[in-house]
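This report examines selected local features of one protein chain.

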Amino acid sequence: MVINRLKSYLFSPVDGSFLAVFRIGFGIIMFWEVLRYWFNDWIYWLYIRPTFYFKYYGFEWVEPWPGDGMYYHFAVMGLLAVFISFGFLYRLSAILFCIAFSYIFLLDQTYYLNHFYLVILVNILLIILPANRQFSVDAKLWPRIKDHCVPAWTLWILRAQFEILYLYAGIVKINSDWLNLEPLRTWLASRADMPLVGYLYTQDWAVAVAAYGVIILHVVGAPLLLWRKTRLAIFIVYAGFHILNHFTFSIGIFPWFTLFGTLVFFDPDWPKQLWYRLRRLANKCAEAYNAGGIADGSQHTRVYYHERPWLQTSVLGIVTFWLLFQILVPLRHLLYPGNVSWNEQGHRFAWQMKLRDKEGFADFAIRDPATGQSWYIKPERFLTARQTIKMATQPDMILQFAYYLEQLSSQHYQLDDVEVRVNNYVSLNGRQSAPMINPTVDLTRIERSLMPADWILPLQVSLKQLAQNR
């Protein structure tokens, strides 16, 4: 049967050094990310200084630690990242780091980044993957867990995760704005002062090569990572792409995290191959397996792979569910009418990366129906600069801020049942500014939900109209 063959392949042993190195790299990158928050004082400015936080739907209950709690939280995260890298109390450390990082992620959707979402997904996978069987403190402390091999599904689930990321990153760019070179043209023009490549950033032909080349790289190049003959060449192209992204755009750890993750497409024993070429050391796992047994725990390995069919079936079911989830969730924006870059419905958690450049403003009006008196509110009185900028272009965040103004009116001014409306204009990818939220709607009467929002006005200005206006 096909299922039995699939099980046999996915549970066959492969060299586990790729997974150990992946664990080490994940821990190092996460430790560096924690240090960046300390060095830039982001802990204070992002999670202590604000008086209001924009919450994800269903996670309104998540609140920052009081006092200096956020500093302690990041200190613990840094320590856990070190533990993960060294493979010390690995499983517990991975679980706690995932909880701690997800907590930071959920505090304020102002700071949503696709690569933070990727970190959480990969962290969840690392919790269930046996990444501490080699090159770890755990393997020294508890020799029984030491094993030079891991089941093949651990390799393929990581490959699938990064393959999905890359494919969607290319597919979502097949839209009219991107194919007409926006917003890439605008972004690159602002970096015309870059050494060596800055001149090219002002040339339409170069922007077109970049825009269409990114689509080809992801849609065609990503599958070619699975083919051994083209793998190295595509990886080198990806390396150049990520490095150029790092110097062109301010996108944090994303280029390095994804580039490091792309190493899982090489042979599972690539770290040992590299070590062998540098130091002429033999691949211990391959030699032992070819000789008919796995060194340092062969009996444990054979039992794990071949004599637990219930475990194989369970793992296969979990892997299938995980992959279906990863494939379907990014498509949910198709359930909503309109342009996802405009209405933002289904935009997050869908690898909609570097697709839109939005600028706008949002001024709020509070009206007391009992007296007919109105007050006009500037959001910057209550929000940080970054929150203000983000909120003005995000319908869900505008709705949350309207709720907040209603709450303030009740608590501080004893005004019950006030009306809150917004005057909101947004420019998408260089278009002429247009209203995004219906200004006649009392936002306090709108229930926050995942359903299509009829209070968001449709995008009516096209790039073609923009070109004509110019």
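I366 has W375, in strand β4, as its bridge partner. Strands β3 and β4 are antiparallel and are joined by five bridges; two strands count as paired if DSSP finds at least two bridges between them. Helices (H or I, at least four residues) and strands (E, at least two) are DSSP runs numbered from the N terminus. The two strands form a hairpin with four residues between them, and G372 in the turn has a positive phi of about 80°.

The model is predicted: local features need pLDDT of at least 70 and side-chain atom pairs count only at pLDDT 80 or more, whereas totals for chains, interfaces and linings use all residues. Residues are numbered from 1 along each chain as its sequence is written, and side-chain values use heavy atoms, without hydrogens and water.

| Element | Residues |
|---|---|
| β3 | 358-368 |
| β4 | 373-377 |
| α17 | 309-328 |

D368 lies in β3. D368 is buried (under 20% relative accessible area; exposed is over 50%, partly exposed in between, with a 1.4 Å probe and protein chains only). D368 has no salt bridge, defined as a side-chain nitrogen of Lys or Arg within 4 Å of a carboxyl oxygen of Asp or Glu. Beyond neighbours within four places in sequence, D368 contacts Q373, W375 and L415 (heavy atoms within 4.5 Å).

In helix α17, the buried residues are L311, Q312, V315, L316, V319, W322 and Q326. They cover an arc of only 130° around the axis, which puts them on the same side of α17; the arc is that of the directions from the helix axis to the C-beta atoms. Exposed W310, F321 and L328 are on the face turned away from the buried side of α17.

How values were computed: The expected span of a helix is 1.5 Å times one less than its number of residues. Lys and Arg count as positive and Asp and Glu as negative; His and the chain ends are not counted.
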